[in-house]
Amino acid sequence: MKTTSTPCRGWAAACLLPSLWLLAASPAAAQGWLGLAQSNYGGTNSAYVNPSAIADSRLSAYLNLGGANLNFYNTYLQLNLPQKPWSAGFSLSKDNLTEQGGAGLQYASATAEVRLPSLLLTLGPRSAVAFSSRVRGFAQASGVSYSLARLARYGLGQASQLGLANQLLTDNSFNLEASAYHEFAFTYARTFTPNTTHFFKGGLTLKYLVGLGGGYVRNEGTQFKVLDKNTLEVQSRQLSYGLTDYKLYGENGFSLGSLYGDQQLGRGYGADLGLTYEWRPDYEAYDYEMDGQRRPDDSRNKYRLRLGLALTDIGAIGYNNNQRVRQGQVASSGTVRLGQLDTLKFSTLQSVENTLQRTVGLSSTARSFTTYLPAALRLTADYRLAGHLYAGLLWVQSVLPPSTVGARTPSLLALTPRVEFSKVELAVPVLLANGYRQLQVGAMLRLGPLVVGSDNLGGLLGIESATGADVYFGLALALRRHRRRDRDGDGVSNAYDKCPKEKGTWATRGCAPPLAPTPAAPVETAPPAPAAPTEVAPPAAPAPAGPPAAPETTSPATPAEALPPATPAPPAETPPASPAPAPH
């Protein structure tokens, strides 16, 4: 039994595992756009890492036109290429896939994401909102034993050659998960403090989820023995499953739009929470004087160190379409021998339930199940080394409990140095990926509206050997934030400047102040003329008789009030009168 022709067997694990291992031959799905994760120009993409990132960003508006990423990794198979993919005569075959060696539990994850048109808007100096939409898909296997992985790849017919025939295999506690959903999200973020040394902001994303289909198999310890290529003996069955109708998409008359209406398989809700702290020791250096007050320069990053904490993908999707959804728990008592496995076929959704009921028995069945989102804790740190040179650290840790049905975010630790400008950016992430198991190097280039990158260049370029691959790209339009424009440089912005072609002041709204009136020259007044000397009449001849007459004084021509006080004239000397002749 080869992986390329494995029919669906009665045992769900033998049916699903081969398709997962086949994914190692080609890249498949997403890890997280690590090169763009901490950029100050990531727009709506930044909200997926931490929703608070969109507040006080360097963008006033951002329109994501579209993007996608594909990521695959596994710990079981390795792709070994005899030559580079771009070399002449290159061909790919199953012989290029080899086992990595080493026992233990095996993991595989293939995730895909399409980021649909999304919009970010800055509302005033402190708030921002974003409307985003994306489709996400997962196919994951975790905790698979090495022996089961080998049987899934080579087939039950090779059990003897593998040394796995006629022995009880007990190390079988694994989870298989496949799901896809459409996410509609609204993000609101706000700054909590003004432009100060210690700066805080927070954000919240609310999500509405439309389930597009999926299923799971959860094995908590089922033991089995391979007897021959068509016979299994199963013991201690502790296995459950859930799935949606896998033939729905191929039915006549089916339309994708019906999944959002009367044929909806499932729906759910989710949320992201985020908080960011920035240390701004020189925040005052980024202020400028405009329109009569000091303002922060919105076009520049002000932090020396930025720390972020976010809890993402909290939520679940409930699949409850009565006609299209099945869930069951396999009965756990007794030992069952499954023969003629090659004759078992699953033609419809109901036939899966009927076949399992007949062969192994079901202790319970239902027409609904719930799958949880890949909840993760994200810690970020970004340090400005100098100018436009930054170093970012990202730690992602899955927090979904192992016993919970749902896809999981692969845990990782990444260090990303980058050179960042408003229109161009280059980042080179170095990471311990896939549960801290693999060392990878990636690269990202943002050039105007275009973003291209990979978090695993080795796998993408097919260097010698690879256990996975990753690639992402996006296209967006951005309006960057600027200082208030001031055409004539007078400290009055164009919006308020009434005289934009001449320098003025804020008090005059950008116009030159009016000229002050020239004071009149003082009128010189001639000093008053000195008083004319008072002429004293010569003494009159003595009158023959009677008292002497008073002298007459001539009034000066200048008004008395304009003349200085006159010096009193000395009294005139009157000669003594001659004695009168004595009478005879």
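Student: Is Asp 291 buried, partly exposed or exposed in this model?

Tutor: The model is predicted, so local features are taken at pLDDT of at least 70 and side-chain atom pairs at pLDDT 80 or more, while totals for chains, interfaces and linings use all residues. Residues are numbered from 1 along each chain as its sequence is written, and side-chain values use heavy atoms, with hydrogens and water left out. A residue is called buried under 20% relative accessible area, exposed over 50% and partly exposed in between, with a 1.4 Å probe and protein chains only. Because its relative accessible area is 3%, Asp 291 is buried.

Student: Which residue forms a salt bridge with Asp 291?

Tutor: Side chains of opposite charge can pair when their charged atoms come close. A salt bridge here is a side-chain nitrogen of Lys or Arg within 4 Å of a carboxyl oxygen of Asp or Glu. For Asp 291 the closest N and O atoms are 2.9 Å apart, and the partner is Arg 484.

Student: How many residues apart in sequence are the parts that Asp 291 and Arg 484 tie together?

Tutor: Helices (H or I, at least four residues) and strands (E, at least two) are DSSP runs, numbered from the N terminus. Asp 291 lies in the loop between β13 and β14, whereas Arg 484 lies in the segment after β29 (468-480), so the pair ties together parts whose separation in sequence is 193 residues.

Student: Where does Asn 166 lie, and is Asn 166 buried or exposed?

Tutor: Asn 166 has a phi near 55°, a positive value in a residue other than glycine. Its place is in the loop between α3 (146-154) and β7 (175-191). Because its relative accessibility is 51%, Asn 166 counts as exposed.

Student: Which strands hold Glu 183 and Arg 134?

Tutor: Glu 183 forms a salt bridge with Arg 134, with the closest N and O atoms 3.0 Å apart. The pair ties together parts that are 49 residues apart in sequence, because Glu 183 lies in strand β7 and Arg 134 in strand β6 (residues 127-144). Both residues, Glu 183 and Arg 134, are buried. The strands asked for are therefore β7 for Glu 183 and β6 for Arg 134.

Student: Which residues are linked with Glu 183 and Arg 134 in a network of salt bridges?

Tutor: Another salt bridge joins Lys 207 and Asp 272, whose closest N and O atoms are 3.1 Å apart, and both of these residues are buried. The network links Glu 183 and Arg 134 with Glu 113, Arg 115, Arg 136, Lys 207, Asp 272 and Asp 313.
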